[in-house]
Amino acid sequence: MMCRTLCLILIPVVCGLALGCGGNAKTAAVSGYVKYKGKAMAKANVSFTPVEGAGRAASGLTDSNGYYSLSSYGINDGAEPGKYRVAIIARGPDRPPKAGETGSGMPGEMMPGDPIIPTKYFAPDTSGLTFEVKRGSNRANFELTD
C-alpha cells in the first residue's frame, strides 16, 4: 500500500521535472564567446535583436572567459530561429560620478564604467554584427576590432 502511494506521488513529480527541463520548443541553443583584440571580454552584455522586428530579443552575459549563452524566455534557453542584429556592451568597473555628471544624487551612487570596447558595438544598428539562428545548436563567436 505504501509503495503504491509513493508511486502515485513520485510519477507526476518525475514527469513534471522531465517536461520542465526540456527547454522551450520555440528556441534553439545559442552560445559563443566575445573577444576584443584577441582578449576575452568578461561581463559583456550580448543582445540579439530580431531583424524583422516581429520576434523576441535574446541576451546573455559573458563569464570571466568571455563565454555566454543566450536567454529569451528562460535562463539559457537560446533564441528563436531567425536573423538578428547583435549588440555588445562591455564596460570597466562601476565608478563614482565625475564632476558635472548628474545621477540620482543618492549618497554612494556609482555610475557605469567607461567603455572598454568601441561604442559602435553598443547598438544593433551601428555594430555591424549579425547572426542567423538556426534550429539545433548554434555557435556565435564575435572577434571585435576597432
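Is Lys37 buried or exposed in this structure? In the predicted model examined here, Lys37 has a relative accessible area of 58%, and because exposed means over 50%, the residue counts as exposed. Lys37 is placed in the loop that runs between strand E1 (29–36) and strand E2 (39–40), and its phi is positive, at about 55 degrees, although the residue is not a glycine. A positive phi in a residue other than glycine is also found at Asn76, where the value is near 55 degrees. Asn76 belongs to the loop between strand E5 (67–69) and strand E6 (82–89), and with a relative accessible area of 48% this residue is partly exposed.

The protein chain as a whole contains one helix and nine strands, which follow one another along the sequence in the pattern α-β-β-β-β-β-β-β-β-β. Of its 146 residues, 30% count as buried, and the accessible surface of the chain comes to about 9300 Å², with 59% of that area belonging to carbon and sulfur atoms. Among the contacts with a separation of 6 or more, 63% are between residues 24 or more positions apart.

Strand E3 (residues 45–50) pairs with E4 in the antiparallel sense over four bridges, and Val46 has Gly60 in E4 as its bridge partner. In a regular strand, side chains alternate between the two faces of the sheet.

A search of the whole structure finds four aromatic pairs. In one of them, the rings of Phe48 and Tyr84 have their centres 5.6 Å apart and their planes at 55 degrees, so the pair is classed as tilted. This pair links distant parts of the chain, given that Phe48 lies in strand E3 and Tyr84 in strand E6, 36 residues apart. Phe48 is buried at 0% relative accessibility, and Tyr84 is likewise buried, with a relative accessible area of 3%. Phe48 also forms an aromatic pair with Phe142, which is edge-to-face, with 6.3 Å from centre to centre and 75 degrees between the planes. Because Phe48 lies in strand E3 and Phe142 in strand E9 (residues 142–144), this second pair ties together parts that are 94 residues apart in sequence. Phe142 has a relative accessible area of 6% and is buried. Ring pairs link Phe48, Tyr84 and Phe142, together with Phe131, into a cluster. An aromatic ring also takes part in a contact with a charged side chain, in that Lys35 lies over the face of Tyr33, at 4.9 Å from the ring centre.

Side chains of opposite charge can pair when their charged atoms come close. In this model the count comes to five salt bridges. Lys37 lies in the loop between E1 and E2 and Asp146 in the segment after E9, so the pair ties together parts that are 109 residues apart in sequence. Both Lys37 and Asp146 are exposed.

A further salt bridge joins the side chains of Arg95 and Asp114, at 3.3 Å from N to O. Arg95 lies in the loop between E6 and strand E7 (129–133), and Asp114 lies in the loop between E6 and E7, so this pair ties together parts that are 19 residues apart in sequence. Arg95 has a relative accessible area of 15% and is therefore buried, the limit being under 20%, whereas Asp114, at 38% relative accessibility, counts as partly exposed. The side chain of Asp114 also meets that of Lys98 in a salt bridge, at 3.5 Å from N to O. In this pair, Asp114 and Lys98 are each in the loop between E6 and E7, 16 residues apart, and Lys98 is partly exposed, with a relative accessible area of 45%. Salt bridges that share partners join Arg95, Lys98 and Asp114, along with Glu101, into one network.

Terms used: Residues numbered from 1 in each chain as written. Predicted model: local features only at pLDDT ≥ 70, side-chain atom pairs only at ≥ 80, totals over all residues. Heavy atoms only, no water. Helix = DSSP H or I, 4+ residues; strand = E, 2+ residues; numbered from the N terminus. Buried < 20%, exposed > 50% of the residue type's maximum accessible area, 1.4 Å probe, protein only. Pairing = 2+ DSSP bridges. Phe/Tyr/Trp six-rings, centres within 6.5 Å; stacked < 30°, edge-to-face > 60°. Lys NZ or Arg CZ within 6 Å of the ring centre and 35° of its normal. Contact = heavy atoms within 4.5 Å. Areas by Shrake-Rupley, 256 points an atom, 1.4 Å probe, with all protein chains shown as cover. Salt bridge = Lys/Arg side-chain N within 4 Å of Asp/Glu carboxyl O.
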